[in-house]
Amino acid sequence: MSDTMSRVTLARRPKGAPVPEDFKLETGTLPTPATDEVLIEVTHLSLDPYMRGRMDDVKSYAPSVDLGGTMTGQGVGLVLESKAEGFAKGDTVTGMTGWASHACLPGSELRKLDPSLPPSTALGVLGMPGLTGWVGLHNFGKPKAGETLVVGAATGPVGSMVGQLAKELGLRTIAIAGGAEKCRLATETFGFDAAIDHRAHDDAASLRAAIAEAAPGGVDIYWENVAGQVLEAVMPLMNVHGRIPVCGMIAWYGGSNIAETNQLPGMWRSILVKRLHVSGFIIFDHWDEFPAFLADVAPKVAKGEIAYLEDVAEGLENAPNAFIAMLKGGNTGKQIVKL
Ligand SMILES: NC(=O)c1ccc[n+]([C@@H]2O[C@H](COP(=O)([O-])OP(=O)(O)OC[C@H]3O[C@@H](n4cnc5c(N)ncnc54)[C@H](OP(=O)(O)O)[C@@H]3O)[C@@H](O)[C@H]2O)c1
C-alpha cells in the first residue's frame, strides 16, 4: 500500500464560471485512522452542481470550502483499514470523502453499500440526487394522474428521477434538455412524453411557445432545477394551484445573468393570482426519508424499471475539467469521476 495520497484543493475563489486555475492537485501523506475511524481508498467521486456554491465565501445552508482546503464531495470506496465497529477491510462504503484518493472518516459518517448494485449508483440514482427527486416530487410536487410536469436538466440524475416517477404516476412529462441527443435520451431512455432543447431557443418567448405546444393544458408542476430562461418561459404557463418545487437554479450559479433575467415582480404576482405553491427545499433536511426511498427505488433500479445514465471521467486530476463542463451541460447523466 502506497503511503501517499492525492487531493484536489480550492486554489482560489472563482469569478463567475470556474476555470482550471481555481483548483490545485496536491499530494500528501496517507492519513492513519484514529479510534472509530476508517481509512478508505476512493474508487468513485461524485461531482454535483452544489459544489459551485461551496467555492464562494458566502453564507449559505452549508459552509464554504476554505482556500487551500479539499473540495467537498461524496465518494465511494473500499475500506483499507478499520478502527470502527461494523466495518472491515474490503467493505464498499460511501461518505463525504472530498475530492481525494483516500479519506479517513468516522464509521458513524459512512454507509456500507449493497454489493449487488454497482457502487457508483450510490452517488446518483440511489444516492443524494435520486433522493432529491423522490422526496421533492412527493412532498412538494404533490403529483396527480393526468397533470402535466415540466423539468429542466431532464437527463441529469435529479431531473430523470423526477420525470420517471411522475410518468409512473400517470402525469404528462415534458423534458427541457440541452441539445438534440439529450432530448432523444429524455424520451427514449427516460420515457418523457416530449423533450424540448432549450439551447435551440434564443429567448424565453420562443422557448415558451415550444413548451406551450407540448403542454396544451398548461403546466401543473414546474420542477425548478435551472431557473434562468427556462423559468421565465414556464412561469406564464402555470395553471391555477400549480406547484413549483425549487430544487436548484444552475443557470444562475455563476451569478452572471441574474440581473438580466430578473422578472421577480411579474412572477410574484403570478404566485398570488394563480395561487401557486412555491417550495424551496434542501435535501439535507430529508435524510430521514432515505431508507423509505431506497426501499422503494432500489428494487426498481435493479429490475431496470428506473433507468439511469452515468458520465464517467477517469482520474482525480480530471475532476476539475469534468466539473467545469458539467456546469455548462457537458455531462450526459450523473457526473462521476472514476479513480
Ligand atoms: N435542493 C437540493 O437539495 C438539491 C439536491 C441535488 C441537486 N440539486 C439541484 O438540482 C439541479 C440538478 O442537479 P443534477 O445533479 O441532476 O445536475 P445535472 O443535471 O447532472 O447537471 C447539471 C445540468 O444543468 C443543465 N444546465 C446548465 N446550465 C443550464 C442553463 N443555463 N439552463 C438550463 N439548463 C442548464 C445542464 O443540462 P442540459 O445540457 O440538459 O441543459 C447540465 O447538464 C441542480 O440545480 C442542483 O443544484 C438540488
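Biologist: Let's begin with Lys-334 and Asp-48: what do their side chains meet in?

Modeller: A salt bridge here is a side-chain nitrogen of Lys or Arg within 4 Å of a carboxyl oxygen of Asp or Glu. Lys-334 and Asp-48 make one, at 2.9 Å from N to O. This pair links distant parts of the chain, 286 residues apart: Lys-334 belongs to strand S15 (residues 334–338), while Asp-48 sits in the loop between strand S3 (37–46) and H1. Helices (H or I, at least four residues) and strands (E, at least two) are DSSP runs, numbered from the N terminus.

Biologist: What sort of model is this, and how are the residues numbered?

Modeller: It's a predicted model, so local features need pLDDT of at least 70 and side-chain atom pairs count only at pLDDT 80 or more, whereas totals for chains, interfaces and linings use all residues. Residues are numbered from 1 along each chain as its sequence is written, and side-chain values use heavy atoms, with hydrogens and water left out.

Biologist: Is Lys-334 buried or exposed, and is Asp-48 buried or exposed?

Modeller: The scale is relative accessible area: buried means under 20%, exposed over 50%, and partly exposed in between (1.4 Å probe, protein chains only). Lys-334 counts as buried because its relative accessibility is 3%. Asp-48, at 5%, counts as buried too.

Biologist: How many salt bridges does a search of the whole structure find?

Modeller: The search finds 13. One of them joins Asp-193 to Lys-167, with the closest N and O atoms 2.8 Å apart. Asp-193 is in the loop between helix H4 (180–188) and strand S10 (194–197) and Lys-167 is in helix H3 (residues 157–168), so this bridge ties together parts 26 residues apart in sequence. Asp-193 comes out as partly exposed at 33% relative accessibility, and Lys-167 is partly exposed at 35%.

Biologist: And where do Asp-296 and Lys-300 lie?

Modeller: Both are in helix H8 (residues 290–302), four residues apart, which is about one turn of the helix. Asp-296 is partly exposed, with 27% relative accessible area, whereas Lys-300 is buried at 13%. There's also a network of salt bridges that links Lys-144, Glu-147 and Arg-243.

Biologist: On to the empty space. How do I read that?

Modeller: Rolling a probe the size of a water molecule over the atoms shows where empty space is left. On a 1 Å grid over the protein atoms alone, a cavity is a set of points where a 1.4 Å probe fits but cannot get out, and a pocket is an open set with protein on both sides within 12 Å along at least five of seven lines; lining residues have an atom within 4 Å of a point. Points are joined across faces, edges and corners, and a volume is the space filled by probe spheres set on them.

Biologist: So what lines the second largest pocket?

Modeller: It has 17 lining residues, with Gln-74, Gly-95, Met-96, Glu-109 and Trp-287 nearest its centre. The pocket holds about 430 Å³ of space. Helix H1 (50–54) and strand S5 (92–95) each supply at least two residues of that lining. By class, the lining of this pocket has eight nonpolar, five polar and four charged residues (Ala, Val, Leu, Ile, Met, Phe, Trp, Tyr, Cys and Pro count as nonpolar, Asp, Glu, Lys and Arg as charged, and the others, Gly among them, as polar).

Biologist: How many cavities of 30 Å³ or more does the structure hold?

Modeller: One. The largest cavity has a volume of about 80 Å³, and of its 15 lining residues, Val-125, Pro-157, Ser-160, Ala-307 and Tyr-308 are closest to the centre. H3 gives the most to this lining, four residues.
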